[in-house]
Each structure stands twice: as structure tokens, then as C-alpha cells.
Amino acid sequence: MSRNLTVLAVAVLLVFTGLAIMASTGSNEPQEDGNDRLRAHISTQAENLLSEMTLREKIAQLIIIRANGSYYADDHDEFRHLARMVEEYQVGGIIFFRGDVYNQAVLNNNLQQRSRIPLWISQDMEFGAAMRVGGTTRITPAMGVAATGNPHWAFEKGRITAMEARAIGVHQIYAPVVDVNNNPDNPVINVRSFSEDPETVSMFAESFIKGVQSQGLISTAKHFPGHGDTDTDSHTALPTITRSYENLSEVELIPFKRVIDAGVESVMSAHISFPNIASDPAMPATLDGRLLNGILRDSLGFNGLIVTDGLEMQGIAAHYAPGEAAVLALNAGSDLLLLSPDELTAIFQIEEAVQRGEITEERIDESVMRLLTHKINHGLMRRADVNINRISRLVNTRQNQMIADQIARESITVVRNNRDILPIRPDRYPNITVIAIANSQSGTVGSGFRTALNQYHPSISFHLYDDRTSREELDQAVASARSADLVIIGSFLPLTTGQPITFKRAQRQFVDRLTALNKPTAVVSFSSPYVISEVPDADVHALAWTSLGSHSEAAAAALFGATEVNGRLPITIPGLYERGEGIHLPKTILRRDYPETAGLSAERLYEVNRIMNRAVQDSVFPGGVVAVVKDGVLAYQEAFGYHDYNKRRPVRTNDIYDLASLTKPVATTTAIQMLVDEGIIGLDDKVSQYFDEFSRDNKEAITIRMLLNHTSGLPAFRTYVDRHRTKATILNAILNEPLINQPGETIVYSDLGFILLAEIAERVSGQSFDQFLNRRVYYPMGMSDTVFNPQRRGRWTVNRIPPTEVDEQYRNTRIRAEVHDERAFYMGGIAGHAGLFSTASDMAKFTQMLIQQGEYNGRRFINEETLQYFTERREGQMGRALGYDLKSLEGFTTAGNLSSDDTFGHLGFTGTSFWIDPERKLSVVILTNRTYPKRGTATGINRVRSAVMDAVIESVID
């Protein structure tokens, strides 16, 4: 066994012996004494390791080298280089750059196994682990987190980042940035900083650090003594800040002092010269002992790890040779040297400097002791490798993603909303042109934003202006904007080394062409917030902070009212906005999200899948879609089965179904409620006011109310179509249909009454029934797939509609994209009892409007009092309200046994239904084509409806 391995074995024994001694002291010994004893044992262990190391081995421990977390074969040149640096030169650690979860973990393990002393693994993770590691959780940049106004989100960001980092073997995170971004022209810090205000930076940075420490990792406050007041990127040159020490103390040093007092364990230096403070006016802080030893160690009392920023950056490398920079950095007080452009030269020249007396071995020992202490304290001597089997339980979990999504939503900041453009309503802005501006050649920038917008608006014209865009394409974008009702400009300028953070000249000229059109215009920045000052006259200014992670979805949701907006500026935008400004916008429409965000268990909801799949297997219906709404969230939407039993076209969630009798509440009852609210009709109006035929034959007493609650005395239905095949003749037959009961005495569910109600709505509104609903309800609510006679929209729509029957009696055809009900068909496809088609998501919007007491998308459709009156349970009404069904309180009910007693909804003959539990703010929509291929051949739909409703309520998390 080699000498070093022997030392390690002894070291491990000492650590375990120390822990055993502490455990044996009993609970009467003060905890502080126990901690002191543990620290003493760790220190002894580190000293023993140090004493057995050669000078070169000690120096190598302070060198942190680059690696990508990628897959490498053992004979790959990159892997051979890494293995050689670890095995032969015994470097102290690795800083990982781009990679993915498992490849980085496997490479980590491979290198750890080759290292005599376990490697110290570190990584930049300012935006979550996903800043470097694919497959992990990406979290809002610091400035966006501060825009939420909630330091708890900084804690959660730190906690999640550290949890995922630890799971893949990382020990130190290079975050948070505690620079005060008090220079709007700063090309490198920008959204990486929490704020321009030192107190805000301090508060959020401290919370982030506590989150990291809660997972046992080290966070790193950077970039000391402050990188916020520069207009030069230290990656490309050496910035200069001319502030005095007094100026720094009043601004830049405040966050550093705060986090040091709070226990941060590492600080990263900045490659910036401070001529009014430094010992040498041209020397970067990283190499200046007056700043690191003098201010950071002595004045601020920091005794943790000081790490350099990357020594390969031009702020250092353009002015100092690799070995020279390394020696100066150590003498200045740095402990760990990151990313030397020549690691071997750095090791050898440090060794030579010690031998020449330019740096003492004691100085080397001091830094090595700090690192070894952390390695021992983190248990690396016991186990340094990654447990691959635990990764999937810790990394990018749904819980982590939900928190990241919520932070993203709460970060969205709107600072201008002229003309009340937001929330955007599709009926007000039917055609929207979206133009993404980027410095890229990928051709994909902004695609996530476009996809997100398409969830909320049916007519989005998207254009990308990047480095590939031709003049002809720019002209096309301007032409599209000219014909649009609203123009949205998305700035996707990256915060990348060497790239501008404002519009280039050509980009600015293009934006001027757009604004010259005098169209309503919204500007959304997905990068630097200061870029909105380039379009000062835009009607809307919104900040999304980044386009990565879930920020495109969050921005789209904010623009359309699918999430509440309450962000506040953490910085000043000169000439436009002051720090703290922000406009509150309420949530007005549904948002698609995880079940857990609405208080539902995804695992329990899977019972709905089992029920629906079993029903498809049992041929209750060929296929269907289920949607669940809870607390304003479309929390579940799944498709099952096929369009028909040939099983060639799977059902998709956006398929359009014949609603059958759901037409009654979704169309007819809604229209009547609106007309009642407007005072155009009254519930106790006599039907004879609208139809002379009801002035005789004992029909004089029939009222609107009786048609709604099915007590008019009319029969349930009559075939009619065997003799009448026009709207006029069918309507005439209904008006002359004899009563089967005295008006107001007996409930008989009747299609005929609702056919008459639609006719009344047409007569009093002066519009056709479908036009009234489209203009007054469906377009304003964004129900773009809710329609009568969908076949008129063309093949693309027809292909989304499952068939409802093979009719061999009246139409002698396969019925698809035409209303299933014969009477509605021969009335032109538009009737008060049937004829409406819709999707599950459109129906979800409708049910949310009812849950919100008649309000949706910033509009009131039905007065709250009217809706409550229509859905009231009345004695003797047998589960019927005015236009709605009520849950049966005795015996079997399709509303399920677990729903509240005030649950209301409706059923449709084709196998459709919706039930709303207002107490739980929950609705369940089921759309199927259970009448295919023949009505009456499939049974069990009611059991499915009931079971699905109960399964959904069972999934509610108490």
C-alpha cells in the first residue's frame, strides 16, 4: 500500500474514532462542546493528511481544473487528460461545465476512484443546476427572484439547487452573485444580480445561502469586492472601478458583510481593478492582497475559502502569465485557483516560487488545510462517489419543477399597461403578430414562447429576427404586423460573453419600423430588463428575465391572464421606471398545470386513467377525453381510446365532440341568463308573448321558468323527422304539440322546451342563436373550438371529430362533424337542445366561468345572483334546477357519492357530461362518443361518470 493510501486509511480511522468518542460523551455534555471536539478531530485529521504530502502535492490540491459532464470512453483524449491530472498530478478538484445528469455522475465517480485524496467538485449554478447540467431544474435568475418580493423563493432556489447538485456529486456551488447591479450598462452581471439596492441583495443572497446550507453544500458569494458597477465584461478585458473604499463600504461591501456574518463559507474574487484602493492601480482584485487579505480577511473577518474567478478570463490572462497569476493570487489570499489556462505551469511555478522564497510553504499549508477540512467535513473520506440509484428521486422532481414554475410566474413584472391591453383577450385582438429578436443562428429562439402563446390564442403569426433573417423575411414580418390587431416584440438578446445586451443598430431600425405602424404594441424582455428602454413608446412593458426553463410559459400566462402578476422592479430603468414599480394584474382565465398545484394528487388521479381505459376495453365507448379543473387550474386532461372501433385514429386531448344535451346549459341556459340579466326577458314571462300558439290549448300559463325546469307539460321529445325535415315545420309541430301534463305540476325532461328557448333568444336578441353565442360568450371566453356545424370549418376541424353513429334510418350515413340528434340536424344543425360541439379544454373554461360565479377572462357573463338562483335546489324539483341538473341526494348519482350536495351540471346523450362542485371549486368534464356505432348498444356510461367523479374527489389532498 502506498504511503498516501496508508495516511488516508489512518485518517478515516481517526474520523470514525472521533465520532465514536463524541457519541460516548452522552447527552449531558453541551452541544457546543461536542461541536468543538468534532472540529478538533477534523482538524487533526487534516493536519495528518497535510503532514504526509509533498510540496507539489499540496500545491496541486489548490488547483481546480475544467471538465465537461459528458460521456468519454477511457481512451478519449479528454478523459486521458483528466485522468492524468487526477492520478499523476493529484489536483484538488474539478469544476464541471456543460453536461447531463448521469454522464456527469458517472465521470465524477470514475475520477473520484482514481484520486488518492477525494476530489472537491464544484460548479456554477446561478440559475439552478440546469445552468450547467441538462436534465436538472432551471430556476429564475436572481433579479427575477427578487422581483417576486419574497426571499423564501431565494431559499427554495438555493435548497433545490443544492439538493440536485449534491445528488450528482457536487460539493460547492458558485452562487449567489452578491454584486449590486448599480450600472445599467453592465454587460456581464445584469439579471445575475438580485438588485441595485444593497439591502435587497443582502436579504435575498442570505436566504439563498441558507437554502444551500440546508442541504449540506457550500455556497459562494461572488464577485468580491463587487462587479456591479462596470461596463466591461471581465471575460474579455479588465474592468476598472474608481470607487473609494468609503464608496464601496456604503454599497458593494454591504451584501458581502451581511452574508459573511450569516456564515457563508466561500467567497469568489473579481477580476476588476480598483485603482483608488489597490496596492497597484492596474492590479485585479483577485491578485491584490490589500483587497483579499486586507479587506476581506481582516476588515470583514472572513475565514472561509477564497476562490478565484476563472484565471483563463481575459481580465487576468491578457495581463499575466499562468504561473505568475497563480503565485500572485495565492499571495493575495486566494485558496483555490480556478481554471488556470495552464495548470501544470501553474503548479510548477508556484513550487519554484516557494523555493525562491516568493511565497511561503506555510501560506500554501493554510489554504490546503481549509480545503482538506471541507473534504473531511463533507464525508469525502468515507464515500466520495455518487449513488447513481438515488439521482432520480432527487433531481428534477415534479416538486422541484413546481416550485421553479411558481417562482417564474411570480417573477413576471409588468411596468406599463397602456390601453389596458393586458390581460389580452382574443375577441379584442383577433390577430396577433409576435416577433422575436435574437442574436443567434439556431432558428429556434422564441419557439417556446410561440408554443405557449398558442395555448391562449388561436391566431398567432410568429416571426424570428436573428442572424439568419433575410430582408424579405423582415418585410414579411412588418407586413404581418401591419395587418395585426396587436404586436408583441420579444427581446431574446442573450447575456453572453461578447454579445450586446441592447439592440444592434439594424435591430433598432427594424423595431422603429414596427412602432411606426402605430399598432398596439407590447414589449417583453426575456433577458436584460434595461432593453425595454429601447422601445420607450410601447403600450406594454413586461419583464420575464430569461426565456429558459418555464419563463416562456410564465410570460404567456401573464400576458393572457392565466396567472396573477405582481412582480416589482428590483432595479431602476433610467428615464422610465423607478425601483419598486410594478402593476398588479389579476388571474382571469384557466392555466394548465400540474395536479399538485391545484391540491390534487397525480398518483390518485391515475385512477381516472384506469376507469377510462377499462371502459374503452369494455366497449362502453370507443374513446374519450377527461378534463379536471380545480382552483382555477386545468389540472388534468387526458385522452383515451380511439375515434372508432377500427382503432386507427387515437383520441387526442384537442379532439372535438358532439356535446348533445350539454348544448342546453352551455348554449341555451347561458343565453337566457344573459337576457334575464339585461332585463330583456323575465323568468315568469309567458311563452305566449313570443309564440301565439301558446295562447290556447291550456298553454297560456307556461312560462320561461317552466321551460327551463322541465315543468311546462310538454312531452320529452317527439320524432318529428319522419314527417318534418325543415326548421320551420319542426318548430311548427312543437308549437302545436299537445301537453301531456298540466303546466307547472310535473317534471318531464323535455328537449322541446329548450328548442323553444333558443327560438325566444333569437327573436329578442335580433341575432341568430349561434351568432349571439359566438359574439357574446365563446369568442370572449377563448372557446375557439366551441361551434355549431363544425363541418363548415373544413377538413382540419372535421378530422378532429369522432363519429357518433352509423345511421341507417334517417340519414343513411356515418355521422361525423354533423349533430347526432335528428331534430337538431334537420333544423340546420343549430338548436337549443343539441347541436353544439366542443373540446374538453373549452368545456373546462366554461365550467371555470360557472365556478367563478359568471366571470371569466376579465368579463362578467352572468350576474352572480342570477347564476346562484338558476342553480339553487328547490323542494320538489327532483334534481332539476333552471337549465341544470343537480346531484341526486338519494340513490345512485352520476355526480358521484363524494361530491358536495350543491354539485350541479348536465349530461349529454352521446356520452358527455360535466359536473361542478362549487364547494371544492372543482369541475369534471367527460366527452365520449358512446353512441357509436349504434345508440343503445353500449351500456355503463353512467357508472363511468360516477366513478370518475369520485376518483377525482378522492385525489383532493387534504
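These legends describe close-up views of one predicted model. Residues are numbered from 1 along each chain as its sequence is written, and side-chain values use heavy atoms, without hydrogens or water. Because the model is predicted, local features need pLDDT of at least 70 and side-chain atom pairs count only at pLDDT 80 or more, while totals for chains, interfaces and linings use all residues.

**View 1. Helices H4 and H5 pack against each other.** H4 covers residues 77–87 and H5 covers residues 101–114. Helices here are DSSP runs (H or I, at least four residues), strands are runs of E of at least two, and both are numbered from the N terminus. The angle is about 35°, and the axes lie 9 Å apart. Axes are lines fitted to C-alpha atoms, for helices over the stretch in contact; angles run from 0 to 180 degrees between N-to-C directions. H4 passes H5 in a right-handed crossing. Right-handed means that the near helix is turned clockwise from the far one by less than a right angle; left-handed means anticlockwise. From H4, the contact uses Phe79, Leu82, Ala83, Val86 and Glu87. H5 brings Leu107, Asn110, Leu111 and Arg114. Contact means heavy atoms within 4.5 Å. By class, six of these residues are nonpolar, one is polar and two are charged. Ala, Val, Leu, Ile, Met, Phe, Trp, Tyr, Cys and Pro count as nonpolar, Asp, Glu, Lys and Arg as charged, and the others, Gly among them, as polar.

**View 2. Helix H25 crosses helix H26.** H25 spans residues 727–735, and H26 spans residues 751–765. Their axes come within 10 Å and cross at roughly 115°. This crossing is left-handed. Lys727, Leu731, Ile734 and Leu735 of H25 meet Leu752, Ile755, Leu756, Glu759 and Glu762 of H26. The contact has six nonpolar, no polar and three charged residues.

**View 3. Six strands form an open sheet.** The order is S10-S15-S14-S13-S11-S12, with mixed pairing. Two strands pair if DSSP finds at least two bridges between them. Neighbouring strands are turned by 15° against each other on average, direction ignored. S11 (residues 432–437) and S12 run parallel over six bridges. Ile435 stands opposite His463 in S12. Helix H20 (residues 505–515) packs on the sheet and touches S11, S12 and S13 (486–491). The direction of H20 makes about 170° with that of S11.

**View 4. The largest cavity holds about 50 Å³.** A cavity is a set of points on a 1 Å grid over the protein atoms alone, where a 1.4 Å probe fits but cannot get out; a pocket is an open set with protein on both sides within 12 Å along at least five of seven lines; lining residues have an atom within 4 Å of a point. Grid points join across faces, edges and corners, and a volume is the space filled by probe spheres set on the points. The lining includes Glu126, Phe127, Lys157, Arg192 and Phe208. By class, the lining has seven nonpolar, no polar and three charged residues.

**View 5. The second largest pocket has a volume of about 870 Å³.** It is lined by 35 residues. Closest to the centre are Asn454, Gln455, Ser784, Ser841 and Lys845. Strands S16 (591–592) and S18 (633–641) and helices H27 (769–781) and H30 (840–851) each give two or more residues to the lining. The lining divides into 15 nonpolar, twelve polar and eight charged residues.
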